[in-house]
Amino acid sequence: MIRITRKVEFSASHVYHNPAFSAEENRRVFGKCNNPHGHGHNYTLEVTIAGEPDPQTGMVLDLKELKEILQREVVDRMDHRHLNKEVPELAGKIPTCEVVAQVIWNLLEPKITTGKLDRVRLYESADLYADVTNGAGA
Amino acid sequence: MKVSLTRRYKFAASHRLHAASLSEAENQRIYGKCNNPYGHGHNYEVLVTLTGPVDPATGMIANLGELDPFVEQHVVEAFDHKNLNEEIAEFRDVVPTTENLCAEIFRRLKSFRPAQLERVKVEETSKNSFEIVAEPGASARA
């Protein structure tokens, strides 16, 4: 089995706020991320596909095709958007790195029909990333 | 679906690779420049990976407001701008290779809750890295 990874970048804003919490609780749990008008990040997304290379083409999945899927499903949906307000898949959720990575996995997984989605790694900054894999567990 | 969160931390420290049980010549042969008598230093980078359920109320595996101070206290503050051989009790009699440093960091962080420590990776330089992964199925409490 071979794994191939494609990287894309997008920039977006978000805010962490749980309406079920009091103002004080939101502040305590989310800190600066609870600032009411939101803030933003340059996200880097690495998407890994696993499979066997096609003997005719030598490719697990045509990277052009993967690039188009990532553009359509992720970049067009999230780039220069407010994740809470403008991305329906995130409505009512706290758009942490973990949660955005899970949403991206759920968007991509059905679209990858050649090879299998193996891992979604989403960097919120150079010092923080979330991984979603197909493993058992959480 | 399994979700993990990885956070990078940095500290700078010095060390000397020298095993008291070996002769001077053997130390020199095995450790080379790393055996130079007064030590040398690195900018270490530590990647800490946690797994666990994502709490729907917070969207988080672990709150960085809790993880950061924990790692700062137990690792960054403890090691930053220190001489690992001279100032860290665990390296009095243990050679502070980055393998051993990685194991010591894992030991210091494994009690973090509610998430589970899954992996510690230490980059000694941009060319060398070392990692320890919790054994599958094993609680990192041991």
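Select His81(B) first, in the loop between helix 2 (64–79) and strand 3 (82–83) of chain B. The model on display is predicted, and in it the phi of His81(B) is near 55°, a positive value in a residue other than glycine. His81(B) counts as exposed because it has 11 C-beta neighbours inside 10 Å, and the limit for an exposed residue is 12 or fewer.

Next, select His80(A). His80(A) belongs to the loop that links helix 2 (63–78) with strand 3 (81–82) of chain A. Although His80(A) is not a glycine, its phi is positive, at about 55°. Is His80(A) buried or exposed? His80(A) has 11 C-beta neighbours inside 10 Å and therefore counts as exposed.

Return to chain B and select Arg113(B) together with Pro114(B). The peptide bond from Arg113(B) to Pro114(B) is cis, and its omega is near 10°. Pro114(B) is located in the loop between helix 4 (98–109) and strand 4 (116–123) of chain B.

Now turn to the contact between the chains. To this contact chain A gives 26 residues and chain B gives 19 residues. On the side of chain A that touches chain B, the elements giving two or more residues are helix 4 (97–108) and strand 5 (128–133) of chain A. That side of chain A comprises 14 nonpolar, eight polar and four charged residues.

Finally, select strand 5 of chain A and strand 1 (residues 2–15) of chain B. These strands run antiparallel and are joined by six bridges.

Key: Residues numbered from 1 in each chain as written. Chains lettered and ligands numbered in written order. Predicted model: local features only at pLDDT ≥ 70, side-chain atom pairs only at ≥ 80, totals over all residues. Contact = placed C-beta atoms within 7 Å. Helix = DSSP H or I, 4+ residues; strand = E, 2+ residues; numbered from the N terminus. Nonpolar A, V, L, I, M, F, W, Y, C, P; charged D, E, K, R; others polar. Pairing = 2+ DSSP bridges. Buried ≥ 20, exposed ≤ 12 C-beta atoms within 10 Å, placed from the backbone.
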